[in-house]
Amino acid sequence: QVQLVESGGGLVQAGGSLRLSCAASGRTFSMYSMGWFRQAPGKEHEFVAAISASGGSTRYADSVKGRFTISRDNDKNTVYLQMNSLKPEDTAVYFCNTVNSYKSVSPSGSWGQGTQVTVSS
């Protein structure tokens, strides 16, 4: 099982951009499809985006499609989430996790500490 550490969150004005990173430990990272999820206060974890193990296939939640881009660098054991045109409703703690398939919206591993993203209006 991989261990995951998220970073890159912060405070940004609406319309701004942030790039999140998720660093994974272990030599098996390249075998896993990966996903980004978010959790707003008082809500459940919400699927944001997923990417296949090779990076060749992606999937996005309708709410972020066209604004967010998921990518990965298997040489660096890292998955990224580029977030553009941010909206106040994107405010949440963002987590990465393994998923069974890039088509899956269900996480398959343990949650890390996440990284806070706050978008001001």
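Visitor: How many disulfides does the count come to by this rule?

Guide: One disulfide. This is a predicted model, where local features need pLDDT of at least 70, side-chain atom pairs count only at pLDDT 80 or more, and totals for chains, interfaces and linings use all residues. Residues are numbered from 1 along each chain as its sequence is written, and side-chain values use heavy atoms, with hydrogens and water left out.

Visitor: Why is the link of Cys22 to Cys96 called a disulfide?

Guide: The term requires a pair of cysteine sulfur atoms within 2.5 Å. From S to S, Cys22 and Cys96 are 1.9 Å apart. Therefore the pair is a disulfide. The link is right-handed, with 60° about the S-S bond.

Visitor: Which parts of the chain does the pair link?

Guide: Distant ones: Cys22 lies in strand E3 (residues 18-24) and Cys96 in strand E9 (residues 92-99), 74 residues apart. Strands here are DSSP runs (E, at least two residues), numbered from the N terminus.

Visitor: Are Cys22 and Cys96 buried or exposed?

Guide: Cys22 is buried, and so is Cys96. Buried means under 20% relative accessible area, exposed over 50%, partly exposed in between (1.4 Å probe, protein chains only).

Visitor: How do you know that E7 and E8 pair?

Guide: Pairing needs at least two bridges found by DSSP between two strands. Six bridges join E7 to strand E8 (residues 78-83), so the two strands pair. They run antiparallel. Asp73 has Thr78 in E8 as its bridge partner.

Visitor: What is the order of the four strands in the open sheet?

Guide: E1-E3-E8-E7, with antiparallel pairing. Strand E1 (4-7) and strand E7 (68-73) are the edge strands, because each pairs on one side only.
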